[in-house]
Amino acid sequence: MNKGHNVSVLTSIPNYPDGAFYEGYGIFGKFNDVYEGIRIYRSPTIPRGTGSNTRLAINYISFVIGGILRSLFILKNEYDIIFVFGSPITVGFPAIFIKILKNVKICFWVVDLWPDSVVFGGNLKSNFIPMILTPMVRFIYNQSDKILVSSNGFIDSIVNNGVNRNKIQYFPQWAESMFIPMKSKNNLLRNIPNKSLKIMFAGNIGEAQDFPSILEAAKYLNDFKDIHWIILGGGSKKKWVDMKIKDSNMESNFHLFGSFPVEKMPEFYSNADVMLFSLKDEYIFSVTIPAKVQSYLACAKPILAMINGEAGKIIDDASAGLTCPAASPKLLAENIIKIKEMNQDELDEMGFNGRKYYIENFDRSTLLNKAEKIFYSMIDEKSSL
């Protein structure tokens, strides 16, 4: 908007992450919004509920149907580019519908690799779902005129779906502008000793995050009573994690704080000594760069990573923390001991390195300027036809 562009957004009725409509929204109301001059058109959607595979499928399908119907109300507007962002990949269907009727090019930003993420993230054992999803994914990719990928690791998989490599381009995610280094004036980590090592995990507590390995690493460190684990967020595995902590008698060192608004996260980060992220030992997660990586780097926090591939390489290249392969709880525990033995200057240096790497590779303004150039090049290509 600041560059003089007219922007409209077609999206769903907000229901993530809690699975219920936000206050003031409902399936029969508030379909139109304006936010800082941006027109927002909301599609009738069935909320995701508990996040079970069945409810997610209903949620995804309802947005496709509702999005196509809702798009009929915005076709009176003229558009130069359709930019598709988000997951699931099925959000591409309403865009394709608009493209066909309005002859507008689609730029699709892939931040979640389908169908792989569905299979591994949902822990699916049957081949039935991938058999259905693969042709659908191939169709959406081929209908897209430009494909941006948040990880270089996605490129080969997309090419293997019959997509021309020349229309794929690396375009990473950035952290929101509130993620900056800060010193909190408040002690948000109540009842946790100041002199302890405070390890913080922030985000979804689900199947993909491999909490069994995190809890196993904690067991190796059970004799260190001054190591505390702070878990922020919610998800399908939260109750399971809570139960396992109690079964292992680790309640005094594990603290499940629940979910907070994203605006509060930088202040929480500032109360931690080191940030943690992990993903399961699966191919899809080795090529994925979780968005939290950028937020940790942007806040100049040292990082502990238990992951394979692209995300771990970023941490190593930035000298922003310590990494180990996915599903390696013993190695994670050893890295925690190394972090524990470091002085504050060493930890601060890791954080500084991460912040510097973030600015050089993930700066929001730089990436938005790059996106603008991509859009203009697509418009010029269309004009020359």
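Sheet and pocket in a predicted model

Biologist: How many bridges join strand S11 to strand S12?
Modeller: In this predicted model, four bridges link S11, residues 274–278, with S12, residues 303–306. The two strands run parallel.

Biologist: Which residue in S12 stands opposite Ser278?
Modeller: Met306 of S12 stands opposite Ser278.

Biologist: What is the order of the strands in the open sheet?
Modeller: The open sheet is formed by six strands, and their order is S10-S9-S8-S11-S12-S13. The pairing is parallel.

Biologist: Which are the edge strands?
Modeller: They are S10, covering 254–258, and S13, covering 321–324. Each of these pairs on one side only.

Biologist: By what angle are neighbouring strands of this sheet turned against each other on average?
Modeller: The average is 20°, with direction ignored.

Biologist: Which helix packs on the sheet?
Modeller: Helix H12, residues 329–341, packs on the sheet. Helix H12 touches strand S8 (197–202), strand S9 (227–232), S11, S12 and S13. The direction of H12 makes about 165° with that of S13.

Biologist: Turning to pockets, what volume does the second largest pocket have?
Modeller: Its volume is about 480 Å³.

Biologist: Which lining residues are the closest to its centre?
Modeller: Of the 24 residues that line the second largest pocket, the closest to the centre are Met182, Ser270, Ala272, Lys301 and Gln344.

Biologist: Which helix gives the most to that lining?
Modeller: Helix H13, residues 344–362, gives the most, with five residues.

Biologist: And what is the lining of the second largest pocket by class?
Modeller: The lining has 11 nonpolar, eight polar and five charged residues.

Methods: Residues are numbered from 1 along each chain as its sequence is written. This is a predicted model: local features need pLDDT of at least 70, side-chain atom pairs count only at pLDDT 80 or more; totals for chains, interfaces and linings use all residues. Side-chain values use heavy atoms; hydrogens and water are left out. Two strands pair if DSSP finds at least two bridges between them. Axes are lines fitted to C-alpha atoms, for helices over the stretch in contact, and angles run from 0 to 180 degrees between N-to-C directions. Contact means heavy atoms within 4.5 Å. On a 1 Å grid over the protein atoms alone, a cavity is a set of points where a 1.4 Å probe fits but cannot get out, and a pocket is an open set with protein on both sides within 12 Å along at least five of seven lines; lining residues have an atom within 4 Å of a point. Grid points are joined across faces, edges and corners, and a volume is the space filled by probe spheres set on the points. Ala, Val, Leu, Ile, Met, Phe, Trp, Tyr, Cys and Pro count as nonpolar, Asp, Glu, Lys and Arg as charged, and the others, Gly among them, as polar.
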